[in-house]
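Please read them with the coordinates open.

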Amino acid sequence: MANIKSQKKRILTNEKARLRNNAVKSELKTAIRAVNTAVESTDKDAAAAALATAGRKLDKAVSKGVLHKNNAANRKSAISKKVNAL
């Protein structure tokens, strides 16, 4: 454990951020998995709905600083290609 007061505070805030980031990443994985399962079942309406939800979650992750904007753009592009191929 650190001796400096500001570093003790940083340890606490870093832990909060880590937990939040893990939660957001988990939601993203679930949303992207929903798109992939809808694509595999060839359900175009469900895939489009899941794509919209996943895109929203990706954008929110970028605004929170969890993902880089290019990483999110690449993920959105990949899942939208799968949905458009239906």
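Does Ile79 count as buried, partly exposed or exposed, and at what relative accessibility? Point 1 takes this up. Bear in mind throughout that the model is predicted.

1. **Ile79.** Ile79 counts as buried, because its relative accessibility is 4% and the cut-off for buried is under 20%. Its place is in helix 3. Leaving out residues up to four places away in sequence, Ile79 touches Ile32, Val35, Leu51 and Ala54. The C-alpha atoms of Ile79 and Asn36 are separated by 7.6 Å. Along the chain, these two residues are 43 apart.

2. **The largest nonpolar core.** Ile79 also belongs to the largest nonpolar core, which has 10 residues in all. Helix 1 gives the most, with five.

3. **A second core.** There is also a second, separate core of seven residues. Among them are Val24, Leu28, Val66 and Ala72.

4. **Helix 1 against helix 2.** Helix 1 covers residues 5-40 and helix 2 covers residues 44-64. They pack at an angle of about 160 degrees, with their axes 8 Å apart. The two are therefore roughly antiparallel, since the angle is over 145 degrees. Their crossing is left-handed. On the helix 1 side, the contact is made by Arg20, Val24, Glu27, Leu28, Ala31, Ala34, Val35, Ala38 and Val39. Helix 2 brings Ala46, Ala47, Ala50, Leu51, Ala54, Lys57, Leu58, Ala61 and Lys64. By class, the contact holds 14 nonpolar residues, four charged and no polar.

5. **Helix 1 against helix 3.** Here the packing angle is about 20 degrees, and the axes of helix 1 and helix 3 are 9 Å apart. These helices are therefore roughly parallel to each other. The crossing of helix 1 and helix 3 is left-handed. Leu28, Ile32, Val35, Asn36 and Val39 of helix 1 make the contact with Arg75, Ile79, Lys82 and Val83 of helix 3. Six of the residues in this contact are nonpolar, one is polar and two are charged.

6. **Helix 2 against helix 3.** The axes of helix 2 and helix 3 come within 10 Å and cross at roughly 180 degrees. Helix 2 and helix 3 are therefore roughly antiparallel. From helix 2, the residues that meet helix 3 are Lys44, Ala47, Ala48, Leu51, Ala54, Gly55, Leu58, Asp59 and Val62. Their partners in helix 3 are Lys69, Ala72, Arg75, Lys76, Ile79, Ser80 and Val83. The contact of helix 2 with helix 3 divides into nine nonpolar, two polar and five charged residues.

7. **Thr42: a backbone point to check.** Most residues other than glycine have a negative phi. Thr42 is found in the loop between helix 1 and helix 2. It counts as exposed because its relative accessibility is 59%, and exposed means over 50%.

8. **Ala23.** Ala23 is found in helix 1. At 41% relative accessibility, it counts as partly exposed. The C-alpha atoms of Ala23 and Lys8 are separated by 23 Å. Those two residues are 15 apart along the chain.

9. **Recap.** Helix 1 is roughly antiparallel to helix 2 and roughly parallel to helix 3. Ile79 is buried, whereas Thr42 is exposed.

Note on methods:
Residues numbered from 1 in each chain as written. Predicted model: local features only at pLDDT ≥ 70, side-chain atom pairs only at ≥ 80, totals over all residues. Heavy atoms only, no water. Axes fitted to C-alpha atoms, helices over the stretch in contact; angles between N-to-C directions. Helix = DSSP H or I, 4+ residues; strand = E, 2+ residues; numbered from the N terminus. Parallel < 35°, antiparallel > 145°, perpendicular 65-115°, else oblique. Left-handed = near helix turned anticlockwise from the far one by under 90°. Contact = heavy atoms within 4.5 Å. Nonpolar A, V, L, I, M, F, W, Y, C, P; charged D, E, K, R; others polar. Core = buried A, V, L, I, M, F, W, Y, C linked by side-chain atoms within 4.5 Å. Buried < 20%, exposed > 50% of the residue type's maximum accessible area, 1.4 Å probe, protein only.
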